Amino acid sequence: MDSLTYLYGVIVLVAAALAAIAIRAPRPLALRAGAVVLAGALMATGYAGFAELLGRPKPASLEWVARNTTEATVLAADMREGEAIYLWLQLEDTPEPRAYVLPWSMAAARQLHQAQGKAEEAGTTVRMRGPFRDADEGGERMFYAAPQPPLPPKLAQFK
């Protein structure tokens, strides 16, 4: 199961606990029934909210679990001037790629564009240092073209 399933389970448990407290309270029946309806509405909106979030890129500033990731491979990027930089990243410790959105920065967009050009020329990939590092936490993000891997060693010819 993924983390969203567990997170939704926590929301259901909290809503059910609040509804149970409200039901046992010495209040009129209409208020207690209203509490149960509100708990059900919380569960439904939580489920719909998580389902909606699955198709959207996550703001890089909200990444807490992989906060200490030092580098990532940029699989794809879409730069929308004045709006945002959308990235599809492959993190080193996760098997599936993830979508993120960075706030628009002309310097970052220029750097990403240059790295894409160099990577295409060299036949390599674009890498990103400090994908979730804030500017106030130690510098700017950095895009660069990964170096070409070394050629395999030549086998010695014996005669």
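User: Why is R80 called partly exposed?

Analyst: This is a predicted model. R80 has a relative accessibility of 40%. Buried needs under 20% and exposed needs over 50%, so R80, at 40%, counts as partly exposed.

User: What makes R80 and E83 a salt bridge?

Analyst: The N to O distance between their side chains is 3.9 Å. The cut-off is within 4 Å, for a side-chain nitrogen of Lys or Arg and a carboxyl oxygen of Asp or Glu. The pair therefore qualifies. E83 is partly exposed too, because its relative accessibility is 46%.

User: Why can such side chains pair in general?

Analyst: Opposite charges can pair when the charged atoms come close.

User: How many salt bridges does the structure hold?

Analyst: Seven.

User: What makes E92 and R127 a salt bridge, and where do the two residues lie?

Analyst: Their closest N and O atoms are 3.0 Å apart, so the pair is within the 4 Å limit. The pair links distant parts of the chain, 35 residues apart. E92 is in the loop between β3 (84–91) and β4 (98–103), while R127 is in strand β5 (residues 126–129). These two residues also belong to a salt-bridge network with E71 and R129.

User: Is R127 buried or exposed, and how do you know that?

Analyst: R127 is at 14% relative accessibility. Buried means under 20%, so R127 is buried.

User: Why are R98 and E96 called a salt bridge, and how is each one classed?

Analyst: The closest N and O atoms of R98 and E96 are 3.5 Å apart, which is within 4 Å, so the label holds. R98 has a relative accessible area of 28%, and E96 has 38%.

User: Why is E63 called buried?

Analyst: E63 is at 1% relative accessibility. The limit is under 20%, so E63 counts as buried. E63 sits in the loop between β1 (58–59) and β2 (71–80).

User: What makes E63 and K58 a polar contact?

Analyst: Their side chains are joined at 3.5 Å. The cut-off is a pair of N or O atoms within 3.5 Å, so the contact counts. Beyond neighbours within four places in sequence, E63 is in contact with K58, R98, Y100 and F132.

User: Which residues form a nonpolar patch on the surface, and why can V14 belong to it?

Analyst: The patch is V10, V14, L18 and I21, with about 380 Å² of accessible area together. V14 has a relative accessible area of 42%. Patch members need over 30%, so V14 passes. V14 lies in helix α1 (residues 3–24).

User: Which residues touch the most other members of the largest nonpolar core?

Analyst: L87, L89 and F143, out of 19 residues. The elements giving two or more residues to this core are β2, β3, β4, α3 (106–122) and β5. Of these, α3 gives the most, with five residues. Leaving aside neighbours within four places, L87 has contacts that include V74, L102, L112, M128 and F143.

User: What are the totals for the protein?

Analyst: The secondary structure comes to three helices and six strands. Buried residues make up 25% of the 159 residues. The protein exposes about 11300 Å², and carbon and sulfur atoms supply 63% of that.

Technical notes
Residues numbered from 1 in each chain as written. Predicted model: local features only at pLDDT ≥ 70, side-chain atom pairs only at ≥ 80, totals over all residues. Heavy atoms only, no water. Buried < 20%, exposed > 50% of the residue type's maximum accessible area, 1.4 Å probe, protein only. Helix = DSSP H or I, 4+ residues; strand = E, 2+ residues; numbered from the N terminus. Polar contact = N/O pair within 3.5 Å; in protein donor to acceptor, adjacent residues only side chain to side chain. Contact = heavy atoms within 4.5 Å. Patch = residues over 30% accessible without salt bridge, like charges linked within 9 Å, V, L, I, M, F, W, Y side chains within 5 Å. Areas by Shrake-Rupley, 256 points an atom, 1.4 Å probe, with all protein chains shown as cover. Core = buried A, V, L, I, M, F, W, Y, C linked by side-chain atoms within 4.5 Å.
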